[in-house]
Amino acid sequence: MAAPQPAAPHPAGGRTVLLIVCGGIAAYKTLELIRLLTAGGVRVRTVLTRAGAQFVTPLSLQALTGERVFSDLFSLTDESEMGHIVLSRSGDLLVVCPATADIMARMVTGQADDLASTVLLATDKPVMIAPAMNVRMWEHPATQANLATLTARGVAVVGPEAGLMACNETGPGRLAEPARIAEAIFGHFAAGVRSPSLAGRHALVTAGPTHEPIDPVRYLANRSSGRQGYEIAAALAAHGARVTLVSGPVDIPPPPGVELRAVETAIQMQDACQDALPCDIAVCTAAVADWRVAQTSGHKMKKAPGAPPPVLTLVPNPDILAQLSLPGPARPALVVGFAAETDDVEQHAGTKRLDKGCDWIVANDVRPETGIMGGTENEITLITADGAERWPRQDKESVARHLARRIAAFFSPDRSVP
Ligand code: CTP
């Protein structure tokens, strides 16, 4: 099968990648990655770790990038010419390739005992990692926990791929092909330059279901996948907004460049939303449980022979959308709600917009025959004070992009769609 080709180079032109090359047999593949990036107009600067220097030489990196290579070996000189803080912010994107189990663990614990870890701790730029390691190391719970922490912090991950490895074991752990990593980097830049029309704006997005505990092992939940909310968070970030994504438990990774606040219950979601204020835009896609159990049990509820089943008393949860919509100085300039309905969609959604006090409501028909709930497509009606707009059926990513464009238009001086 032909290797995937990187996207058209122009969106990344003029961008700088700070490439951190760590130790590992796959480090030699960074040379091909540099070639692909520079061919796409990307400036590449490199940080070479001590272990990385066992696999690639500073000279080859320098020859390919046309730039001096930063490494611990030259740290004194580097410090005098460019401090590590300045270096950490000198790229538009930091890419760790190959990302070893060791550097992932050190990123998680925030160590700063060499140039690479210091730069990763000091940066305020997005970070992407391309892991490569032995399959057992990759599958170890420690590495998987570190991976979960890094993705929760918004670090983008490319690969690893499965296959036969240098250590003769088979499974996931092989560095993604350079073309795939380059494609992810070009994609990152393309998303970022699509429209900077929400630059300087802060967007809050709620997504996913909430889990309302009954006892330590049981909870009330719903079928929300969180997919539409995650796509909207990504699309708003692509328009240049700073995005806080408050999400209930889902199985999908957060989009790169988005700050994730993971929560479980409606009360936690409400607190996380209040903490995230002030914001300019709030988009509430979460399927917040309407009720929670009044009295949760501190221990697992047991069946007693002959005893009747327990009766759960429910109390209402706070309405996060309605709270965010309350008039006041902290109210976001634009509050968007979602309405999942099974009948009289537009009428119910229109009433919901007024009852909750939000500005727009995105209504969708979630009757099972539409296949929308849990599916990849959506067919929505956008209801604003000006009326209802029916959008054609499209995938959830496309709905998110259109909605982000409409939101960007709301904030543009003439309110025209970019
Ligand atoms: N919502 C919220 N907090 C809640 C309930 C709902 O923020 N406790 C938000 C949802 O994120 C969505 C909107 O309110 O943006 C509508 O949610 P929906 O479930 O359709 O409506 P409900 O308010 O729950 O009303 P009903 O279930 O009676 O249709």
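**View 1. A charge over a ring at R68 and F70.** In this predicted model, the charged end of R68 sits over the ring of F70, 5.4 Å from its centre. Such a charge is NZ of Lys or CZ of Arg within 6 Å of the ring centre and within 35 degrees of the ring normal. Residues are numbered from 1 along each chain as its sequence is written, and side-chain values use heavy atoms, without hydrogens and water. Local features need pLDDT of at least 70, side-chain atom pairs count only at pLDDT 80 or more, and totals for chains, interfaces and linings use all residues.

**View 2. The aromatic cluster of W360, F410 and F411.** The ring centres of W360 and F410 are 6.0 Å apart, with planes at 90°, so this pair is edge-to-face. Rings of Phe, Tyr and Trp (its six-membered ring) pair with centres within 6.5 Å; planes under 30 degrees apart are stacked, over 60 edge-to-face, the rest tilted. F410 also pairs edge-to-face with F411, at 5.1 Å and 75°. W360 is buried at 8% relative accessible area. F410 is buried too, at 19%. Buried means under 20%, exposed over 50%, partly exposed in between (1.4 Å probe, protein chains only). R406 lies over the face of W360, 5.8 Å from the ring centre.

View 3. K352 is partly exposed, with a relative accessible area of 25%. Leaving aside neighbours within four places in sequence, K352 is in contact (heavy atoms within 4.5 Å) with A339, A340, E341 and I361. K356 is partly exposed at 24%. Not counting residues up to four places away in sequence, K356 touches D319, L321, A322 and S325.
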